[in-house]
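Visitor: Before I use any of the terms attached to this model, I would like to know what each one rests on. Could you take me through them one at a time?

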Amino acid sequence: MAKDQTVLFHSTVFGPIHSRRLGTSLGINLLPDDGKICSFDCVYCEAGYNAQGSGTTGLPSAEKLRRDLEAKLQDMKSKGENLDVITFSGNGEPTLNPAFPEVVGIVNELRDKYFPNAKTSVLTNSTRIFDPKVAAALKLVDNNILKLDSAIEPTMRLIDNPASKEFTVERLIEALKQFSGEGVIQTMFLRGEHNGKKIDNTTPEEIKALIEAYKAINPRQVMIYSLDRSTPEEALVKVEKDELERIADEIRRAGINVTV
C-alpha cells in the first residue's frame, strides 16, 4: 500500500547532517525547495513519490548556489566546525538541473577555499550519465555515487520506476563502464511488494546478476544498504545488517571492494 509522504529539504544548502556512509555532510539541493523532480519514482524514496508535484520555486541557479554555499561555509569556518563532505542530494535527481556541470565547478572551488580536506560527493540515479557534459562533471567529484539497484530489468523497473522507457539495465551497465576504476556503485536491498507485485532483489539470481554487472563496470567501490527511513510504499521490508554482510561476503569473493 502506498501512502502520502513528503520529506523535503527546504533550502538549496542544508545541514550539516551526519551521514551513516559519508560522515559530517553539507547537502546541496539543486531541485525545488517545495517539491520534487526526479527521473525515477523509487518505491523507497524518503522524499515521497513524484505525484506530490514539483512545487513553485523552480530550480535554483548557479549564482544562488554560490551565494548560499559560500555563506554557509564561511559560517561553519568561523565557528570552527568540521566538514567531511559536501553532498549533492536533495529533492530528486541533482543532475536534472541544467546548471549541474557549472555548479560542480563552483562547489569544488569553494570547498578548496574553506575546507580543502572535505570531499565532494554526488548521489545520482545514473539516468543522466548518457549526457557527456553530466558525465564529465561527475568525473570531477571525489565520490561519484551511482545507483544500480538491480541488474535484472523487471526488478529494476519495479523498484526504481524510471520515467523513460529507453532507460534499461543493459544500457545503464554499458554507460557505467565509463567510470571504471573511479565510480562508486550504490545498491539498495529490500523486500516487499508494490502494486501487487513482489519485490526481492536479494535472491541468488539477483545477487549473481549484480555481481556480473559489478565486474563489468569495475567500480572503485560498491556500497550496499537497506531501508533506514520511512518510505512511500508501506509494504517494504528492511534487509538486516547480518544478511547484508553475507551478501557483501559473496560480492567480495568475486574480487569486488564492497562496504555495508
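## Strands and their cover

Guide: Let us begin with strand 6, from which Val184, Gln186 and Met188 point one way and Ile185 and Thr187 the other, and all of them are buried. The model is a predicted one, in which local features need pLDDT of at least 70 and side-chain atom pairs count only at pLDDT 80 or more, while totals for chains, interfaces and linings use all residues. Residues are numbered from 1 along each chain as its sequence is written, and side-chain values use heavy atoms, with hydrogens and water left out.

## Pairing

Visitor: What makes strand 4 and strand 5 a pair?

Guide: Two strands count as paired if DSSP finds at least two bridges between them. Strand 4 (residues 119-124) and strand 5 run parallel and are joined by 4 bridges, so the pair meets the requirement of at least two. Thr124 stands opposite Leu146 in strand 5, while on strand 6 (residues 184-188) the bridge partner of Leu146 is Ile185.

Visitor: How many bridges link strand 5 to strand 6, and how many link strand 6 to strand 9?

Guide: Strand 5 and strand 6 pair in the parallel sense over 3 bridges, and strand 6 is joined to strand 9 (residues 221-225), again in parallel, by 5 bridges. Gln186 has Met223 as its bridge partner in strand 9.

Visitor: Why is the unit of strand 4, helix 3 and strand 5 called right-handed?

Guide: The word applies if, with the strands pointing away from the viewer, the path from the first strand over the helix to the second runs clockwise. Strand 4, helix 3 (residues 132-138) and strand 5 make a β-α-β unit of this hand.

Visitor: What makes strand 8 and strand 10 edge strands?

Guide: An open, antiparallel sheet of 3 strands has the order 8-7-10. Strand 8 and strand 10 (236-238) each have a single partner strand, so one side of each is left without a neighbour in the sheet. From one strand to the next the twist averages 10°, where axes are lines fitted to C-alpha atoms (for helices over the stretch in contact) and angles run from 0 to 180 degrees between N-to-C directions.

## Single residues

Visitor: Why is Asp200 called buried?

Guide: The relative accessible area of Asp200 is 17%, so Asp200 counts as buried. Asp200 lies in strand 8 (residues 197-200), and apart from neighbours within four places in sequence, Asp200 is in contact (heavy atoms within 4.5 Å) with Leu190, Arg191 and Glu206.

Visitor: What makes the approach of Asp200 to Thr202 a polar contact?

Guide: A polar contact is a pair of N or O atoms within 3.5 Å; within protein, one must be able to donate a hydrogen and the other to accept it, and residues adjacent in sequence count only if both atoms are side-chain atoms. The side chains of Asp200 and Thr202 make such a contact at 2.5 Å.

Visitor: Why is Asn161 called partly exposed, and why is Asn195 called exposed?

Guide: Asn161 has a relative accessible area of 39%, so it is partly exposed, whereas Asn195 has 68% and is therefore exposed. Neither is a glycine, yet phi is positive in both: about 45° in Asn161 and near 50° in Asn195. Asn195 sits in the loop between strand 7 and strand 8.

## The whole chain

Visitor: How do you know that the protein is as compact as a globular protein of its length?

Guide: The protein has 7 helices and 11 strands. Its radius of gyration is 18 Å, close to the 18 Å that the globule rule gives for 260 residues, so the description holds. That radius is taken over C-alpha atoms, and the rule is 2.2 Å times the number of residues to the power 0.38. Buried residues make up 53% of the 260.

Methods: Helices (H or I, at least four residues) and strands (E, at least two) are DSSP runs, numbered from the N terminus. Buried means under 20% relative accessible area, exposed over 50%, partly exposed in between (1.4 Å probe, protein chains only).
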